[in-house]
Amino acid sequence: MEIGVVGVGGGGCALADALVAADADHDPGFLVSAVAVDTDAAALEELARVDEDDRHLLGAVHTDGRGTEGDAALAAEIAREERPELQAAVDSLPVGSIDATLVCAALGGGTGSGVAPAVVDVLGQVTATPVYAVGLLPGVAEAGGDADAADAVADGPKRTDAATDPRGPDRPLASNAAGAVRALSAGADDLVLADPDVWRASGASYGAAWSRVDAALTGRLGRAFAAGEATDPVPERVLDASELTNTFGAGGVSVVGSASTGVENGRRDGVVGGLLDRFAGGAGPDVDEGEAVSVATNTARKAVTHRLSLPCDVESASRAAVVFHAPPAWLSRRGLERARSLIEAETGVPEIRWGDHPDPTAEAFRVTVLLTGVDDSDRLAELGGAVDPTRLD
Ligand SMILES: Nc1nc2c(ncn2[C@@H]2O[C@H](COP(=O)(O)OP(=O)(O)OP(=O)(O)O)[C@@H](O)[C@H]2O)c(=O)[nH]1
């Protein structure tokens, strides 16, 4: 699936930047174009990968280029006033030749929550292909939801001086996020959510977790999108753009899980074991099929039970897609079928869409699971009690 991405606000632009990095891990890649939109000039300048011409500052009249400091209402007003600028910003996306656009935002931020729904709306006017939102929720402690909030934000946002920065537990992170979840689940064709607490080490600051969150989430999404583009070696089963499109859009929200198990990549004396006879009588000369089956099923179980981007009841998902990314010799048909059945049993989703992505350079067997139509997540329900995920359709 070939996509374009629009990052909105500090966290959203960091995610867009990380998606450009994730794209570089795949050949062929999946990302055609990346755009960044923010009210904070310094944050835009710090991006490493989005082209400078594709970085757009909004609302300078109101914020002097310093961000909205959590003011989602101001950000929404800026988006209304500067709609022509938003339209011009997304103009560089080749919407006629991509399969979908992702709009990424940290939903606790003023700009992320206030501007991202407007970007989704603008894109909806110019493209016939789906527009998916990817939202980072504020962490529980960061949003003032528990006692170690002060510790969790102690080293503060990475771009500013913690002592003078107005961000902190008093910012309206939870209410911004609740409003953004509502607006994006109504306006976008799907909303993929991630919770930074999944990646934050206990007692560590959120600032320290951000790069891990960004890399992990974009790595997962990247593997899901890149699988359908792989041609050499040819996958046994291709998870193409239409299958992913049909997996998204199930109502509720979506989450993405992933797990990996380190494996020998099957090379022996310079030969890639199993490359030629994969699926034709076994997993290949260098990998015991029993071991390949056990690695596939154990990794799949971990991906769907412990490693979701947002903790949720997996049985509440209504659709799912899975990608198996591994050295060719480890992609045994029996292993993949067992792993897929296991995910069907765990989620109750029948006939999960799936594909494999043989990669002779991979050092791990990796399972990436996309669950869509999720409507039962304690984390979402907790969000100030403001979001009722059963009413997100
Ligand atoms: N994952 C990740 N999250 C970030 C990053 N920067 C900020 N965040 C998170 O996003 C929340 C909102 O901050 P920003 O994204 O900077 O806010 P914004 O959308 O630019 O909005 P304002 O600055 O309020 O106008 C923060 O409270 C963090 O939780 C980042 O680089 N990566």
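Modeller: The expected span of a helix is 1.5 Å times one less than its number of residues. This is a predicted model, in which local features need pLDDT of at least 70, side-chain atom pairs count only at pLDDT 80 or more, and totals for chains, interfaces and linings use all residues. Residues are numbered from 1 along each chain as its sequence is written.

Biologist: How far apart are the end C-alpha atoms of helix α8?

Modeller: Helices (H or I, at least four residues) and strands (E, at least two) are DSSP runs numbered from the N terminus. Helix α8 covers residues 173–187, and its 15 residues should span 21 Å. The end C-alpha atoms agree with that, with a separation of 21 Å.

Biologist: Is glutamate 351 buried or exposed?

Modeller: Glutamate 351 sits in the loop between α12 (333–347) and β11 (353–358), and has a positive phi of about 50° although it is not a glycine. With 9 C-beta neighbours inside 10 Å, this residue counts as exposed.

Biologist: Which proline does a cis peptide bond join to aspartate 232?

Modeller: Most peptide bonds are trans. Here omega is about 0°, and the residue lies in the loop between α9 (206–226) and α10 (241–247). The partner of aspartate 232 is proline 233.

Definitions and conventions
A residue is buried if 20 or more other C-beta atoms lie within 10 Å of its own, exposed if 12 or fewer, and partly exposed in between; C-beta atoms are placed from the backbone.
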